Amino acid sequence: MSWLTNVVLPKIRAVVTTTTTKKEIPDNLWQKCPNCGQMLFSRDLDANLHVCGTCGFHLRMNPTQRMKLLFDDGVFTTIELPKPISDPLKFRDTKRYSDRLKDAHAKSGGPSRDAIVVAHGAIGAVPTVVACFDFDFMAGSMGIAVGDGLLAAARLAVMQEAALVVVPASGGARMQEGILSLMQMPRSTLAVEMVKEAGLPYIVLLTHPTTGGVSASFAMLGDITLAEPGAVIGFAGARVIEETIREKLPEGFQRAEYLLEHGMVDIVLPRKDLKETLARLIRLLLSPAPSKTLVRTAS
Ligand SMILES: [Zn+2]
């Protein structure tokens with residue numbers, strides 16, 4: 001038995017461990033389209049702006065990918081946001097909120113301290129501030145940190161006389177922060193008001209999904225509201241509404257196209273056209289008004 005345990009077994013172990021530890025294929029090489037189930041090669045998906053080549057479904061973009069798409073030449077500067085008050089209510093459900101925050105940090109892996117990232121740069125050569133939600137961070141839920149982020153974005157836009165673009169992707173209020181989370185609705189509304197009072201454009205790009213307290217505050221206050229195709233936008237979930245009113249909801253209810261039809265959204269546009277349209281809108285809204293001599297009619 002000794003040659004078996006001393007010689008053969010270690011050799012087998014060595015072979016097994018090297019093959020399992022040597023990870024030649026990265027985990028994220030392929031992604032599955034959540035709509036049609038097609039396996040998509042990550043490199044193709046990147047080149048196609050994270051839109052499924054088979055069914056046209058717009059997959060989620062993280063804040064970095066989104067900023068690269070929106071800013072001129074993909075160049076932008078992320079700003080440091082105030083350090084959020086961690087777990088103000090010492091909340092615990094099946095897990096401590098502080099532990100959930102730690103997990104969210106590890107999972108999101110991006111630059112976000114919480115569910116929002118703010119950056120400034122130029123769009124269409126016009127100074128612009130973009131505040132983008134990170135859905136991977138606790139479903140983009142809005143707590144104090146997100147309110148802080150929106151206020152910081154608004155202040156920066158006013159200071160730089162820049163346009164403000166907000167890109168929500170959120171499940172709504174951060175339940176673990178209770179009433180403090182709900183207070184972010186008027187707080188974010190005030191942030192938007194600051195930008196409007198300064199006469200600067202405020203544009204919202206609704207992405208999948210924009211729901212709950214986010215849709216009931218700053219997300220619906222844009223001077224111009226854009227939306228991505230197929231995005232779910234609404235306050236309460238469709239199933240809850242259906243069970244409450246006991247009626248079948250119309251087809252496409254709470255989708256971007258349905259909201260466009262009913263006047264809640266101004267433009268639904270595919271991601272490939274997003275940058276150009278946004279640049280055109282910002283240029284139009286921020287270009288100086290024609291001087292009196294230009295508009296005076298000859299008489
Ligand atoms: Zn698809």
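What percentage of the 299 residues of the protein count as buried? In this predicted model, the share of residues that count as buried is 36% of the 299 in the protein. The secondary structure comprises 12 helices and 11 strands, and of the contacts between residues at least 6 apart in sequence, 67% join residues that are at least 24 apart.

Strand 4, which spans residues 116-123, has six buried residues out of eight, and it is therefore largely enclosed by the rest of the structure. Its pairings with strand 3 (residues 76-78) and with strand 5 (residues 126-133) are set out below.

| Strand pair | Direction | Bridges | A residue and its partner |
|---|---|---|---|
| Strand 4 and strand 5 | antiparallel | eight bridges | Val118 with Ala131 |

Strand 4 and strand 5 form a hairpin with two residues between the strands, and in this hairpin Gly124 adopts a positive phi near 60°.

A separate part of the chain concerns Lys272, which is located in the loop that lies between strand 11 (267-268) and helix 11 (274-286). Is Lys272 buried or exposed? Lys272 has 11 other C-beta atoms within 10 Å, and because a residue with 12 or fewer counts as exposed, Lys272 is placed in the exposed class. Although 223 residues separate Lys272 from Leu49 in sequence, the C-alpha atoms of these two residues are 7.2 Å apart in space.

How values were computed: Residues are numbered from 1 along each chain as its sequence is written. This is a predicted model: local features need pLDDT of at least 70, side-chain atom pairs count only at pLDDT 80 or more; totals for chains, interfaces and linings use all residues. Helices (H or I, at least four residues) and strands (E, at least two) are DSSP runs, numbered from the N terminus. A residue is buried if 20 or more other C-beta atoms lie within 10 Å of its own, exposed if 12 or fewer, and partly exposed in between; C-beta atoms are placed from the backbone. Two residues are in contact if their C-beta atoms, placed from the backbone, lie within 7 Å. Two strands pair if DSSP finds at least two bridges between them.
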